[in-house]
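Here's a quick tour of a metal site and a pocket. Have the structure open while you read.

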Amino acid sequence: MDCNEVRNLLDAYLDDELDPATSLQIEQHINDCPGCPERLQNRRALKQALQADALYHRAPDSLRRRVQLSTPAPLSVRWGDRLRQNIWVSLAAALILGVLVTAGLFQTPLLRSNTPNDSLAQQVIDSHIRSLMADHLSDVISTDQHTVKPWFDGKLDFSPTVINLEDQGFPLIGGRLDYLDDRPVTALVYQRQKHIINLFIWPQANSSASDTAPITIQGYHAISWLNSGTIYWAVSDLELSELQTFASLIRAQLPPS
Ligand SMILES: [Zn+2]
């Protein structure tokens with residue numbers, strides 16, 4: 001992403017309107033760019049100034065009346081026509097939508113683009129990206145699983161298995177609580193050179209679900225598997241083969257299911 005793209009997206013970024021991947025790209029650019037941090041500062045200051053109450057004034061009634069009186073009649077008639085036309089277009093659209101919904105068109109598999117697993121993959125990838133944004137990565141920072149594991153005690157209704165893979169080149173660097181699939185979950189953070197891996201863990205009652213193929217969204221890979229009624233999602237922008245190696249190393253050390 002270059003300065004121009006960042007400049008165009010700054011307002012949306014400050015208003016929290018961007019998807020996590022784009023927000024992260026902006027943050028990464030701003031970290032490395034000599035000019036953009038100041039631009040962001042200025043934009044933020046301007047936004048705050050514009051939000052200040054002192055800028056809002058209610059027009060006095062006398063002004064309101066003068067404006068109403070000075071508006072030429074033909075214009076208001078034209079607006080009236082336009083308004084009526086818009087209302088008819090809206091009504092027609094609502095009617096068509098109603099017919100489509102009644103016909104059950106929106107429930108056919110053809111129109112449902114996401115399987116539950118895809119939407120979960122999107123959730124874990126979004127969560128992974130959010131974790132890479134400023135200071136979200138770890139609540140407990142430690143390379144020692146004997147520190148990380150007790151940290152979760154009392155914070156969750158299950159006890160995650162915490163495995164360190166330092167000797168295999170995937171050191172554990174921390175952990176945090178996250179929220180996925182409508183519940184609090186464990187997120188363990190591993191590192192592979194400059195890449196971060198999030199390993200999300202939570203109990204999964206529906207143990208009939210089977211392992212699925214890796215899912216890739218916006219350059220991030222997600223691999224999931226089940227073990228003893230617990231679901232695991234490993235997410236990273238690592239090469240897929242390396243993430244698969246990580247997943248098999250973790251799986252090999254889990255208690256047999
Ligand atoms: Zn820049």
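Let's start at the metal: the zinc ion is held by Cys-3 (SG), His-29 (NE2), Cys-33 (SG) and Cys-36 (SG), at 2.0 to 2.3 Å. Bear in mind that this is a predicted model. Along the sequence, the spacing of the donor residues reads C-x25-H-x3-C-x2-C.

What is the arrangement of the four donor atoms around the zinc ion? Their angles run from 103 to 119 degrees, so the arrangement is tetrahedral. For reference, the ideal angle for four tetrahedral donors is 109.5 degrees.

| Residue | Relative accessibility | Class |
|---|---|---|
| Cys-3 | 28% | partly exposed |
| Cys-36 | 1% | buried |

The cut-off explains the labels: Cys-36 is buried because its 1% falls under the 20% limit, whereas Cys-3, at 28%, counts as partly exposed.

Which elements each supply at least two residues of the lining? They are helix H2 (20-32), helix H6 (116-132) and strand E4 (195-203). H2 gives the largest share, seven residues. By class, the lining has eleven nonpolar, six polar and four charged residues.

Conventions: Residues numbered from 1 in each chain as written. Predicted model: local features only at pLDDT ≥ 70, side-chain atom pairs only at ≥ 80, totals over all residues. Heavy atoms only, no water. Helix = DSSP H or I, 4+ residues; strand = E, 2+ residues; numbered from the N terminus. Nonpolar A, V, L, I, M, F, W, Y, C, P; charged D, E, K, R; others polar. Donors = N, O, S within 2.8 Å, 3.2 Å for Na, K, Ca; no water. Tetrahedral: all angles 85-135°; square planar, octahedral: opposite > 155°, others 65-115°. Buried < 20%, exposed > 50% of the residue type's maximum accessible area, 1.4 Å probe, protein only.
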